[in-house]
Amino acid sequence: MAKYKLIKKVNPQKRQEPAKWYATPKSEIPLSGKAMTRAATANTTTAPIEMEASLELLAKFVPQQLQQGHTVKIPGLGSLRLTFKSDGVENIDDFRANGMIKNARIVFTLAKELRESVLNGLSFEDGGVLDNDVSYASLADYRMAKGAPAGGGDSESPGEI
């Protein structure tokens with residue numbers, strides 16, 4: 001279950017209105033590379049070290065492909081491509097790539113199947129409240145600390161997309 005934390009924020013486009021509570025993703029500590037490859041290869045014939053080596057080879061391959069202008073498709077994950085902005089010129093002979101192409105970025109587009117498998121059946125779990133730089137472990141803890149009744153929103157039920 002994905003955890004969320006409630007944080008009170010002012011809408012930057014409506015600063016005169018009172019702040020509202022918004023759910024924000026509560027990220028967990030990521031697995032190390034070794035732990036991730038062990039978990040990903042559990043109950044398979046692939047050794048974790050083989051997966052680690054494959055990922056390292058892919059990490060070396062992707063930059064050279066992007067630098068050559070290729071879109072890099074990673075089966076089951078998605079694709080990476082290079083994008084940038086540029087200044088315009090009225091006369092084509094005035095265009096100078098080195099000075100006029102700016103803000104080069106790498107864009108990752110998630111594979112449709114992966115996106116659907118993540119979002120399908122996604123549910124949410126109370127991950128706490130952050131109020132005035134004080135972090136509460138749960139909405140119930142926040143209510144208790146504030147002397148508020150235990151009822152309120154449906155924080156224990158899974159959410160849907």
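Here are a few questions and answers on a sheet and a helix pair in a predicted model.

Local features here need pLDDT of at least 70, side-chain atom pairs count only at pLDDT 80 or more, and totals for chains, interfaces and linings use all residues. Numbering runs from 1 along each chain as its sequence is written, and side-chain values use heavy atoms, with hydrogens and water left out.

Reader: In what order do the 3 strands of the open sheet stand?
Author: Strands are DSSP runs of E, at least two residues, and helices are runs of H or I, at least four, each numbered from the N terminus. Two strands pair if DSSP finds at least two bridges between them. The pairing here is antiparallel, and the order is β3-β4-β5.

Reader: Why is one side of β3 and of β5 left without a neighbour in the sheet?
Author: Look at β3 (72–74) and β5 (101–110): they stand at the edges.

Reader: How many bridges join β4 to β5?
Author: β4 covers residues 78–86 and runs antiparallel to β5. Within this pair, serine 79 sits opposite threonine 109 in β5. The bridges joining β4 to β5 number 8.

Reader: At what angle do α1 and α2 pack?
Author: Take α1 (residues 33–41) and α2 (residues 48–67), whose axes are 8 Å apart. Axes are lines fitted to C-alpha atoms, for helices over the stretch in contact, with angles from 0 to 180 degrees between N-to-C directions. The packing angle is about 120°.
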